[in-house]
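Keep the viewer open as you read.

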Amino acid sequence: MTAIKVQQLTKTFVTREKQPGLRGSVRALFRPARRETQAVKGITFGVEEGERVAFIGPNGAGKSTTIKMLVGILYPTSGQAQVLGKTPWRERKRLAYEIGTVFGQKSQLWYHLPPADSFDLLARIYELDGVAYRQRLAHLVELFEVGDYLQVPVRKLSLGERMRCEVAASLLHRPRILFLDEPTIGLDVVGKQRIRDLILELNQQEGVTIFLTSHDAGDVEVLCKRAMVINHGEVIYDGRVSTLKRDYIHTKTISLKLGEPWRGFDSPGVQVLKHKGYGVKLEVNTGVVPIEEVVGRLLARYGIVDINVDNPPMEEIIARIYEGGWGDKETRGQGD
Amino acid sequence: MMRYGFVLWTSARQQLAYRAELGMRAISMVLFMGVFMALWTTAFGVSGRAELTGYSLVEMVWYLAMTETITLSSSRVFVEISESVKAGDLAYALARPLSYPFFQVANSLGNSAPRFALNLAVAVAVVGLGMGRVPVLSGAEGAGSLRGLGAFLGMAALALILDALIAVLIGLLAFWIEEVTPVFWIYQKLLFTVGGLFLPLEMFPDWLRRVAEWLPFQFITYVPARAFVTFEPGFVLRAAVGQMGYVAALAALVALVWRRAQRRLVVHGG
């Protein structure tokens with residue numbers, strides 16, 4: 001069954017502009033100058049139930065605007081959308097019972113109260129049956145391992161702990177689609193990994209459709225089978241994550257602090273970005289040489305004090321997609 | 001309705017976490033009432049009369065204690081709403097099967113309720129000490145009789161609902177104007193003046209009193225305090241009907257404004 005169907009969805013924001021100075025202020029008061037910004041430019045796509053889709057792009061690409069239209073918070077300027085057979089902005093409240101949302105930058109938990117209180121409130125808001133709610137809560141508490149701080153005020157939790165509670169909170173009412181907007185933002189590596197594992201488990205156990213936005217390529221790699229890349233309000237790639245990875249995310253950067261001063265390192269697929277004393281930054285083409293091999297050889301030769309492996313930034317991936325001419329209809333792959 | 005009740009309950013419990021703030025409120029209540037008692041004792045002394053427009057000194061001080069109890073419990077929920085509108089993070093509240101403005105009304109009442117309980121306790125203690133007796137406890141009639149207290153509690157609840165609705169309206173104005181705080185200041189000053197916070201409506205010139213009686217502001221401050229001071233069934237009934245009428249009217253207005261706001265809902269970002 002189709003979970004999400006979007007056709008030619010467009011959102012144009014109208015912003016008022018003010019000329020500088022007092023004259024500008026006075027003029028803006030009587031005849032405000034308007035400027036239109038097209039945040040989303042006629043995008044079309046479909047998502048099947050149970051799919052895990054990443055919706056990725058740099059800041060300001062139109063990701064959040066799209067998600068806000070899909071959950072019914074934002075009215076589109078034109079176009080159609082159906083989420084579980086409902087038009088989100090017309091049937092927001094009814095749709096709310098069937099979808100869950102996690103917005104990484106905004107908490108849904110009451111700051112001074114323990115998470116358990118927020119869960120209880122949500123149970124009331126979603127009109128959950130008492131017994132069913134307690135069973136559901138027990139299950140989620142076990143799965144998310146949040147039992148220890150269920151009674152600790154949210155303000156005293158670490159970001160990672162809080163985020164696990166946030167995701168659990170959005171699942172209490174058994175949503176069929178989970179919208180996650182930057183769920184791992186600000187988390188450390190371990191925290192990110194845990195959230196990703198949990199989301200994956202949930203999708204597999206309960207068949208929840210996952211619709212995720214992120215500007216972290218790592219989220220996408222681990223979590224999703226299909227990725228849509230959005231830039232300047234347009235979908236510039238829609239296909240398998242594995243293809244995206246093979247074609248566009250085939251490099252990683254490694255920042256190292258070595259045990260000995262840098263003397264150079266020759267290997268196909270490895271490019272030295274910069275080096276100074278004991279520190280070096282390399283770009284590894286993982287299509288040519290696995291990252292483990294490079295690290296292993298460096299370890300043997302220099303010893304490693306500190307290491308950081310990063311994905312290329314979204315902007316770079318997008319630049320590569322444009323270079324690869326993916327935007328042509330003929331080459332567009334289909335997500336599964 | 002139950003759901004909104006639980007929002008109120010949760011919000012009230014969160015409010016109790018702000019212990020320092022509650023403490024400061026208690027202190028300001030003590031200060032205000034101390035000043036008022038001193039001022040009106042002097043004013044009555046200078047005038048040489050036992051009554052001013054029907055209020056004795058004791059009644060006057062109790063009147064002020066009750067108007068202060070309500071206004072110091074007044075909602076600041078417009079801050080939260082207008083900031084959410086500006087920051088574009090109404091998202092969470094909106095992705096719920098609830099009406100956002102009425103969620104905020106419940107949230108606001110939850111904020112007000114613990115403050116109200118504290119303010120009332122402090123006011124009764126301070127004025128009771130300062131004026132020599134707590135009428136409710138002594139079982140006497142007159143200012144602060146048991147019936148007066150009962151009427152006051154019911155009418156104060158309606159007053160806080162009115163206040164919450166107005167605060168939500170002010171918050172929603174953020175959809176149209178950049179800064180809503182000045183609107184709140186105007187509202188606050190209207191409570192101070194035509195609402196009868198500092199002076200009961202009986203002390204107004206006739207024309208102003210007639211105007212004030214038609215406005216919603218006196219239903220928030222004057223009416224409950226007056227019921228506490230002199231309990232008259234006729235007055236209480238009329239005033240409560242007036243309060244409920246304004247609750248219905250303002251709730252309808254909130255719903256209307258919200259529908260308009262949704263039309264132009266531009267959640268920034270993305």
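**Where the two chains meet**

Start with one pair: B:Arg3 makes a salt bridge with A:Glu127, and their closest N and O atoms sit 4.0 Å apart. (A salt bridge here is a side-chain nitrogen of Lys or Arg within 4 Å of a carboxyl oxygen of Asp or Glu.) Across the interface of chain A and chain B, the rule finds two salt bridges. Before going on, keep in mind that this is a predicted model, in which local features need pLDDT of at least 70, side-chain atom pairs count only at pLDDT 80 or more, and totals for chains, interfaces and linings use all residues. Residues are numbered from 1 along each chain as its sequence is written, chains are lettered from A and ligands numbered from 1 in the order in which they are written, and side-chain values use heavy atoms, with hydrogens and water left out.

How many residues does the contact take from each chain? It takes 35 from chain A and 31 from chain B, where contact means heavy atoms within 4.5 Å. About 3,200 Å² is buried between the two chains, and carbon and sulfur atoms give 63% of that. (Buried area is the accessible area, with a 1.4 Å probe, that two parts lose on being put together, summed over both.)

**The sheets of chain A**

An open sheet of six strands has the order S5-S6-S7-S3-S8-S9, with mixed pairing; strands pair if DSSP finds at least two bridges between them. The edge strands are S5 and S9 (234-240), each pairing on one side only. From one strand to the next, the twist averages 15°. S8 (226-231) and S9 of chain A run antiparallel over six bridges, and A:Asn231 stands opposite A:Glu234 in S9(A).

Helix H7 (189-206) of chain A lies across S3 (52-56), S6 (177-181) and S7 (209-214), at about 140° to S3(A). Helix H11 (314-323) of chain A packs on the sheet too, touching S3, S8 and S9, and makes about 90° with S8(A). (Axes are lines fitted to C-alpha atoms, for helices over the stretch in contact, and angles run from 0 to 180 degrees between N-to-C directions.)

There's another open sheet in chain A, with four strands in the order S11-S12-S10-S13 and antiparallel pairing. S11 (270-276) and S13 (304-310) of chain A each have a single partner strand, so one side of each is left without a neighbour in the sheet.

Definitions and conventions
Helices (H or I, at least four residues) and strands (E, at least two) are DSSP runs, numbered from the N terminus.
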